[in-house]
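The following note sets out points for discussion between colleagues. Please read each point alongside the sequence and the model.

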Amino acid sequence: MQRRTFLLSTVTAVASSRLAAAAAKELPFRQIHLDFHTSEHIPDIGADFDGAEFAATLKKARVNSINVFAKCHHGWSYYDAKVGRPHPHLKKDLLGEMVKHCRANAIDINYYYSLVWDVDVARRHPEWLWRDRDGKPVGDPLPAWPNLCMNTPYLDLVVRENEEILSKYETDGAWFDILKQPPQGCYCAWCRKDRAELGLAETPAGIRRHNKTVAMRVEKRLNGIVHQRFPNALTFYNSRLVVGVRDELPYYSHIEIESLPTGGWGYSHFQQRVRYMRTLGKDMVGMTGRFHKSWGDFGGIKNQAALDFECTNFLANGAKACVGDQLHPRGRLDAVTYNRIGRTYAKVEALEPWCRGTAAVADIGVVSTAVVASETTQKITPVDQGFTNMLVELHQQFNVLDLDEDLARYKVVIVPDEIPPFPALVEKLDRYVAAGGALIVSHESLLDPATRQFALKQIGVRYQGPAKFEGEYLALKPGAFPGIDEQNYFLYQRGVPVTAEPGTEVLATYAHPYFDRSAERFSSHKQTPPGPVTDEPVITRRGRVTYIANPFFRSYSEDAYGVNKLLIARLIG
Ligand SMILES: [Zn+2]
């Protein structure tokens, strides 16, 4: 081996072993996300900050990683910035002091940087705001945050500011917040020109493609400068983690699920989201807040039991815990808050030996309706909420699936309510059923809109057009569902009529009402009572394929009728 070849191979080996070490390092379990969006109308920023006290408070609360602010939504920087604009009343280099004292105390530290929301830049460069088709800025009027388009020269400024931060401070990672473009498309001068040059039409599909292209350009540029300086640094982009994020994951060192149950996300959100995100092969963090309600809730503090539940629920689902807080403008951490977090994090620390290096094992896979319906980072669809609540309450282990997931690893697959018959999905389900997998399909899932028949033959029923009545009843076949009382159950959501093909077993049928309630004909306060039970199927089984002719999962989200859950429990077996 020549000397040059030897040197090169040695360098490669060292580089690969470093990468392997970085990949093997699990994220810290006890994190804080320290918000610091602070108006220029507040004086004495950081006047009471004491680095040693700051680190000691975190240590006492057993915190081992923190995200701290380089630049906030107001657009102010919290360090001695030359490219960025320091908060006009900043009393000290807060970022630098935080980095210094956290590093000295073995607390990991990531810097936070706000992308799309920046009030200061929006005031100075209104031409960089998101624009609608009429050229008007998109978004709520102040005091909500202005939205800057990442496809404008703003991105060059962002890159220069981050280069400055990276040149001054050694952090463990960069945490980029609010990376998004308007779902209906940005019509600023740069976006119009860009779409024309890329040959992307002004259609929903063209807009979606363009928004994705813009976001991935940002991720590529920022990852480039972060990793040029710190090859092993964490990189994370918030506001993007919905079904459909797979192609961006190379830019993410890990996944963080922002989910403040009392702040608008609700308690079902994390349960659904983590069961999707854990199929993507990245280390995960669940993020709640110490707030009674949501971000920026000064003087609102979450009760201990809720904080304990939320953080241990993160662990139970294979994620690390992060608690969001907001630092007072004068720069002192709140003692009551950190006592409370410390009590929760003592429990987390005690559980860590059983949580390291774990992977969730799920028996059931449910296809998410987010493959077609609109989902935001904060809101899950009604159908997803229905199956999530139902299966969590039943203590079933399940994952939430996109169209790329391998079905062979699941004992039961559920295709709920309104999943279209994507040819690739139908083909996968066909193979899955042929290999002996159990399948539950409900309502209009897999119904071909052209033929008005089900695209998967193994379902074994024929669609018979729109339902005859709005308010129908479900009658269980005697003995079909042991342990469930055999009576007529009202179906709170409208289903579809089907007939069973030869060889398909009928487990439950319709009982029609005497008539649907109307101005001309009505009886009592609510739905009309049922007439005789018919032989028209509602629930059928053919081999290991079950079909339910009603939107059972959306109904569970909207009506929370317990019998739906009991029936699904029996059908899962
Ligand atoms: Zn634009």
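1. Of the 573 residues in the protein chain, 55% are buried, where buried means under 20% relative accessible area, exposed means over 50% and partly exposed lies in between (1.4 Å probe, protein chains only). The model is a predicted one, in which local features need pLDDT of at least 70 and side-chain atom pairs count only at pLDDT 80 or more, while totals for chains, interfaces and linings use all residues. Residues are numbered from 1 along each chain as its sequence is written, and side-chain values use heavy atoms, with hydrogens and water left out.

2. Overall dimensions. Along the principal axes, the C-alpha atoms fill a box of roughly 80 × 70 × 55 Å. The chain exposes about 25000 Å², and carbon and sulfur atoms supply 54% of that area, as computed by the Shrake-Rupley method with a 1.4 Å probe, where for residues only the protein chains shown count as cover.

3. Secondary structure and contacts. The protein chain has 14 helices and 19 strands; these are DSSP runs numbered from the N terminus, with helices (H or I) of at least four residues and strands (E) of at least two. Among contacts (heavy atoms within 4.5 Å) between residues at least 6 apart in sequence, 75% join residues at least 24 apart.

4. The zinc site. The SG atoms of Cys-149, Cys-186, Cys-188 and Cys-191 coordinate the zinc ion at 2.3 Å. Donors here are N, O and S atoms within 2.8 Å of the metal (3.2 Å for Na, K and Ca), and sites may look incomplete since water is not among the atoms. The angles among the four donor atoms are 100 to 117°, and the site is tetrahedral, a label that requires all angles between four donors to lie between 85 and 135 degrees. The donor residues follow the spacing C-x36-C-x1-C-x2-C. Cys-149 lies in the loop between helix 4 (119–124) and helix 5 (154–168), and Cys-191 in helix 6 (residues 189–198), so this pair ties together parts 42 residues apart in sequence. Cys-149 counts as buried, at 0% relative accessibility, and Cys-191 likewise counts as buried at 0%.

5. Helix 3. The buried residues of helix 3 are Leu-94, Leu-95, Gly-96, Met-98, Val-99, His-101 and Cys-102. Those residues pack against strand 1 (30–35), helix 2 (51–60), strand 2, strand 3 (108–114) and helix 5. After helix 3 comes Ala-106, with a positive phi near 55°.

6. Two aspartates. Asp-120 lies in helix 4 and counts as buried at 6% relative accessibility. Its side chain forms a polar contact of 2.9 Å with that of Arg-85; such a contact is a pair of N or O atoms within 3.5 Å, where within protein one must be able to donate a hydrogen and the other to accept it, and residues adjacent in sequence count only if both atoms are side-chain atoms. Leaving aside residues up to four places away in sequence, Asp-120 touches His-74, Gly-75, Trp-76 and Arg-85. Asp-80, by contrast, is found in the loop between strand 2 (65–71) and helix 3 (94–104) and counts as partly exposed at 41% relative accessibility. A polar contact of 3.1 Å joins its side chain to that of Lys-82.

7. Ser-445. Which loop holds Ser-445? Ser-445 lies between strand 12 (438–442) and strand 13 (461–463), and it counts as buried at 0% relative accessibility. A polar atom of its side chain lies 3.2 Å from the backbone oxygen of Val-415. Beyond residues up to four places away in sequence, Ser-445 touches Val-415, Pro-416, Asp-417, Glu-418, Ile-419 and Phe-454.

8. Ile-178, a residue other than glycine, has a positive phi near 55°. Ile-178 sits in the loop between strand 4 (173–177) and helix 6 and counts as buried at 7% relative accessibility. Ser-524 also has a positive phi, about 60°, although it is not a glycine. Ser-524 lies in the loop between strand 17 (505–513) and strand 18 (530–542), and at 56% relative accessibility it counts as exposed.

Key
Four donors count as tetrahedral if all angles lie between 85 and 135 degrees; four count as square planar and six as octahedral if opposite donors are over 155 degrees apart and all others between 65 and 115; anything else is irregular.
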